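Student: Hi! Could you walk me through this structure, one piece at a time?
Tutor: Happy to, just ask as we go.

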Amino acid sequence: MTENLHLWILPLLPLAGAAINGLLGNRFSRNLVATVALTFSGTAFAWALWVASRFTSLETLPHVETVATWLRSGDFHVDYAFSLDQLSLVMLLVVTGVGFLIHIYSVGYMWEEGGFYRFFSYLNLFMFFMLTLVLASNYLFLFVGWEGVGLASYLLIGFYFTRDSAASAGKKAFIVNRIGDFGFLIALFLIIQHFGSMDFGKVFDLVKPLPAETSGAGFLTAIALLLMVGACGKSAQIPLYVWLPDAMEGPTPVSALIHAATMVTAGVYMVARSHVIFEHAPSAMMVVAIIGTLTAFFAATIGIAQTDIKKVLAYSTVSQLGYMFLACGVGAFSAGIFHLMTHAFFKGLLFLAAGSVIHAVGGEQDMRKMGGLWKKIPWTWITMLIATCAIAGIPGLSGFFSKDEILWRAYQASWAYWLAGVFTAFMTSFYMFRLMFLTFAGDHRGAAGASHGHEEHAGHGTHLGRDESSREEAPASHGHGHGHGGIHESPWVMLGPLVVLALLSIAGGWIGANRFERFLAPATGTVGASSEQSAPTTEPASLPQVPAEEHGNEHLMTGISVAAALLGLGLAYLLYSAKPGLPDRIADALHALYTAVANKYWVDEMYATLFVKPLIGISTLVFWRGVDQTIIDGTLNGGAAGARELSDEVRHMESGNLRSYAGWIAIGAACVVAYMVWVGTK
Amino acid sequence: MVPLSYYLVLSAILFACGVTGFLIKRNIISIFMSIELMLNGVNLSFVAFAAQWHNLSGQVFVFFVMVVAAAEAAVGLAIIIAVFRTRETLNIDQVNLLKL
């Protein structure tokens with residue numbers, strides 16, 4: 001009898017927090033709202049830590065705890081079941097840990113915003129669904145969490161719902177995700193059809209004995225590709241990445257938690273979770289790798305030309321997610337998850353630090369109007385520098401280890417992946433240091449001492465009307481910078497999480513990719529370079545022995561990727577610090593290319609022309625005007641109008657005139673007589 | 001022996017006269033008389049058939065009709081008097097309170 005870890009409590013804790021804040025929060029003071037939110041998310045984190053401490057004592061993995069049967073139909077049944085293995089443990093700690101830190105940060109960041117309780121209610125709701133997603137023991141339960149985080153994402157992107165752009169960004173995210181979810185659902189149907197179960201364990205046990213679909217694509221390839229469609233939607237991969245940059249309309253802590261650290265990695269998690277299916281479908285794996293590579297590459301190029309600090313980070317997120325899919329595509333699932341974890345640390349940190357910068361300069365997001373901030377907000381600067389070095393792959397920081405591992409595994413699969421990956425690493429380093437130089441170095445280019453209006457949220461305080469009244473409640477630690485304008489460092493409730501995440505960004509990589517891989521091996525399989533092992537059934541798990549010469553190669557690869565990172569740094573320094581006029585001249589020289597990149601390759605416009613406009617046109621003409629207005633409304637209104645017309649005619653029979661009644665009777669009698677005569681003489 | 005058809009034709013003529021009178025007359029008394037004419041037209045055909053088939057049922061039926069008609073005449077005339085007292089007219093077109 002294995003120990004009962006009461007995994008069901010983990011998602012329920014934030015759900016309780018969401019319910020309390022959501023239902024009663026408008027009557028609470030801000031302190032109480034923050035206390036409730038932090039208590040429940042903090043307890044969830046503590047519980048996750050306890051679960052982690054008990055993890056080694058578990059006898060069977062995955063450790064499944066079934067709470068109740070959800071639905072049953074003949075032999076097919078789906079349970080409310082939670083499972084814990086190495087993969088979900090890593091996700092669990094990342095979600096609760098980073099989530100808790102971002103909750104703390106949000107208390108400071110959101111303090112002066114309207115809808116404080118609403119924000120924390122949504123944030124806790126997100127935690128609930130995300131924990132459901134990572135702990136689910138079957139595909140359908142996972143799908144509940146999957147849709148739920150989409151809902152929370154929609155609610156939080158549209159948090160400033162009085163702003164039109166935020167509302168439409170929320171809708172865009174939701175609708176683009178629907179496209180992905182459509183693929184996911186079909187995949188689930190195929191799984192039910194072929195395996196008769198949704199349970200991870202059962203499905204994978206049934207898949208394992210099957211031969212890999214090396215020649216020709218069968219249903220496993222179909223399932224894998226459809227799952228990938230779902231993952232593309234959730235994790236913002238080509239061609240469904242367009243929602244993520246727009247999602248930056250949400251408050252910055254949301255961008256950090258949902259659109260960088262946790263939710264967008266759900267696709268990677270799901271692919272890694274389904275690795276058994278993917279390993280049996282090499283062509284699907286190749287698609288995953290190619291999509292990942294392309295996304296990493298294109299998003300990075302777009303990131304170079306963005307001027308909004310959050311948009312740069314958004315494209316950077318898309319690009320890093322591409323890396324994770326590249327890793328999954330070449331069979332290095334654990335490397336992908338490793339990068340997922342380190343990325344959660346440093347990208348969460350980057351967003352929080354960017355939020356701190358935005359907070360400091362009074363809501364300005366345009367990097368061209370920043371500059372010289374490092375003296376004014378040193379803590380933000382230091383922590384953001386660490387995160388930037390981590391994402392750029394400077395040796396010794398977490399991003400270096402995970403990215404290097406991915407590139408090495410990609411190289412084993414194909415040099416093309418590796419080349420694109422290294423070039424992307426160079427661009428990553430370039431645009432991140434460009435961001436750093438533009439924001440922190442040089443002289444301040446914005447209006448000095450701009451009024452602290454949180455321009456980003458202008459016109460927002462009106463709809464709840466609580467802002468003014470609750471401003472007196474602001475704690476002393478936070479009140480210092482407000483009311484007199486000027487650039488100021490954020491309060492410690494915001495800086496604390498930055499520092500913790502910075503430490504994690506440094507330390508996270510030292511776990512070591514190999515140790516991490518050995519830890520994850522039971523959950524993600526230990527496939528080496530996938531090209532050599534296209535038939536995973538042949539060899540049970542054992543870490544591939546890397547020959548000595550390949551070790552030499554690995555060092556060479558590492559050297560090249562470090563050089564790429566440093567080159568990016570140097571180029572950014574040259575262009576944005578040493579010779580500030582140069583970028584404009586380069587942009588002029590490469591006018592066409594620059595315009596294309598700055599306009600994000602017109603992908604949004606292309607989608608608008610290809611899909612959105614025809615869809616709206618067809619919907620308007622056929623479904624709205626045609627089906628709805630003409631057929632449905634027409635039938636209904638026509639029936640009603642017909643009845644009224646008929647009644648109007650018949651009404652005149654009831655004239656009240658006795659002789660007309662008598663006439664009707666006579667006519668009726670004549671008809672009856674005529675009929676009887678006709679029948680009688682026939 | 002007068003053939004049956006003669007009685008029936010006379011009966012039909014009487015009935016048609018009653019219907020026509022009922023429809024075109026405005027005076028309630030005239031309408032009332034038209035109803036009596038129709039009833040008696042029908043009575044005539046009953047009696048004619050009874051004589052033809054040597055069956056007394058038709059003649060018995062006629063007595064019933066006459067009894068009912070007498071009762072009806074009593075009630076009807078009472079109603080006519082009541083109507084005339086309240087409305088001071090016997091024109092059927094002006095007795096139209098049920099009109100919507």
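Student: How do helix α27 of chain A and helix α1 of chain B cross?
Tutor: The axes of α27 (residues 658-681) of chain A and α1 (residues 4-24) of chain B come within 8 Å and cross at roughly 145°. Axes here are lines fitted to C-alpha atoms, for helices over the stretch in contact, with angles running from 0 to 180 degrees between N-to-C directions. Helices (H or I, at least four residues) and strands (E, at least two) are DSSP runs, numbered from the N terminus. Bear in mind that this is a predicted model: local features need pLDDT of at least 70, side-chain atom pairs count only at pLDDT 80 or more, and totals for chains, interfaces and linings use all residues. Residues are numbered from 1 along each chain as its sequence is written, while chains are lettered from A and ligands numbered from 1 in the order in which they are written.

Student: Which residues meet there?
Tutor: From α27(A) they are R659(A), A662(A), G663(A) and A666(A), and from α1(B) they are V19(B), F22(B) and L23(B). By class, that contact has five nonpolar, one polar and one charged residues. Ala, Val, Leu, Ile, Met, Phe, Trp, Tyr, Cys and Pro count as nonpolar, Asp, Glu, Lys and Arg as charged, and the others, Gly among them, as polar.

Student: And how many residues touch between the two chains?
Tutor: Ten residues of chain B are in contact with nine of chain A, where contact means C-beta atoms, placed from the backbone, within 7 Å. The chain B side has seven nonpolar, one polar and two charged residues.

Student: Back to α27(A): is V679(A) buried or exposed?
Tutor: V679(A), which lies in α27 of chain A, is exposed, with 8 other C-beta atoms within 10 Å. The cut-offs are 20 or more such atoms for buried, 12 or fewer for exposed, and partly exposed in between, with C-beta atoms placed from the backbone. V679(A) and Y323(A) are 90 Å apart, C-alpha to C-alpha, and 356 residues apart in sequence.

Student: New topic: how do α8(A) and α11(A) cross?
Tutor: Helix α8 (residues 219-234) and helix α11 (residues 266-273), both of chain A, have axes that come within 7 Å and cross at roughly 160°. They are therefore roughly antiparallel to each other; angles over 145 degrees count as that, under 35 as roughly parallel, 65 to 115 as roughly perpendicular and the rest as oblique.

Student: What makes the contact?
Tutor: On α8(A) the residues include L227(A), M228(A) and A231(A), and on α11(A) they include M270(A) and V271(A). The whole contact divides into seven nonpolar, two polar and one charged.

Student: Last one: how do β1(A) and β2(A) pair?
Tutor: Strand β1 (residues 63-73) and strand β2 (residues 76-84) of chain A are antiparallel over nine bridges; pairing takes at least two DSSP bridges. They form a hairpin with two residues between them, and G74(A) in the turn has a positive phi of about 65°.
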